[in-house]
Amino acid sequence: VQLVESGGGLVQPGGSLRLSCAASGFTFSSYDMTWYRQAPGKERELVARINNVGGSTNYADSVKDRFTISRDNAKNTVYLQMNSLKPEDTAVYYCKAIKVRGGLLGIVYWGQGTQVTVSS
């Protein structure tokens, strides 16, 4: 099982980035997918969630109307489009898979994270 995030980097305030999380080793369409982030000295927080078929999404208030989560089940990939980035968005971003369909519900997998730094 692997979740591999990519797309992080350094961006100026007001800029955009698109994160990707490529999944392998499990039935992607049986899992809700989420993005979390953790800034230095802070707890990990939920950023966005999308259900297993992509029909429902939820966002933290701090990113609503700026970030968009999407998924492509044919490519086993979930995305996070981040626009109008602010310095307070600086964090390591992680993707997480949660099994919601089939046996052994509730199994969780985490990726290794990708750094996003918003700075001028």
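Modeller: Two residues are said to be in contact when heavy atoms of theirs lie within 4.5 Å. The model discussed here is predicted.

Colleague: Which residues is Thr-114 in contact with, leaving aside its neighbours within four places in sequence?

Modeller: By that cut-off, Thr-114 is in contact with Glu-5, Ser-6, Gly-7, Gly-8, Leu-19, Ala-91, Val-92 and Tyr-93. Thr-114 itself belongs to strand S11, which covers residues 114-118.

Colleague: Why does Thr-114 count as buried?

Modeller: Buried means under 20% relative accessible area. The relative accessibility of Thr-114 is 10%, and therefore Thr-114 counts as buried.

Colleague: What does the side chain of Thr-114 reach, and at what distance?

Modeller: The side chain of Thr-114 reaches the backbone nitrogen of Gly-8 at 3.3 Å. A polar contact requires a pair of N or O atoms within 3.5 Å, and the distance of 3.3 Å meets that limit.

Colleague: What makes the link of Cys-21 to Cys-95 a disulfide?

Modeller: The cut-off is a pair of cysteine sulfur atoms within 2.5 Å. Cys-21 and Cys-95 have an S to S distance of 1.9 Å, so the pair is a disulfide. The pair links distant parts of the chain, with Cys-21 in strand S3 (residues 17-24) and Cys-95 in strand S9 (residues 91-99), 74 residues apart. The angle about the S-S bond is 45 degrees, and the link is right-handed. By this rule the count of disulfides comes to 1.

Colleague: Are Cys-21 and Cys-95 buried or exposed?

Modeller: The limit for buried is under 20% relative accessible area. Cys-21 has 0% and is therefore buried. Cys-95 likewise has 0%, so Cys-95 is buried.

Colleague: How do you know that strand S4 and strand S5 pair?

Modeller: Two strands pair if DSSP finds at least two bridges between them. Strand S4 (residues 31-38) and strand S5 (residues 45-50) have 5 bridges, so they pair, in the antiparallel sense. Among the bridge partners are Thr-34 and Arg-49, the latter in S5. S4 and S5 form a hairpin with 6 residues between them, and in the turn Gly-41 has a positive phi of about 75 degrees.

Colleague: How do you know that S5 and strand S6 pair?

Modeller: The requirement is at least two bridges. S5 and strand S6 (residues 57-59) have 3 bridges, so these strands pair, also in the antiparallel sense. The bridge partner of Ile-50 is Thr-57 in S6. The hairpin of S5 and S6 has 6 residues between the strands, and Gly-54 takes a positive phi near 80 degrees there.

Conventions
Residues are numbered from 1 along each chain as its sequence is written. This is a predicted model: local features need pLDDT of at least 70, side-chain atom pairs count only at pLDDT 80 or more; totals for chains, interfaces and linings use all residues. Side-chain values use heavy atoms; hydrogens and water are left out. Helices (H or I, at least four residues) and strands (E, at least two) are DSSP runs, numbered from the N terminus. Buried means under 20% relative accessible area, exposed over 50%, partly exposed in between (1.4 Å probe, protein chains only). A polar contact is a pair of N or O atoms within 3.5 Å; within protein, one must be able to donate a hydrogen and the other to accept it, and residues adjacent in sequence count only if both atoms are side-chain atoms.
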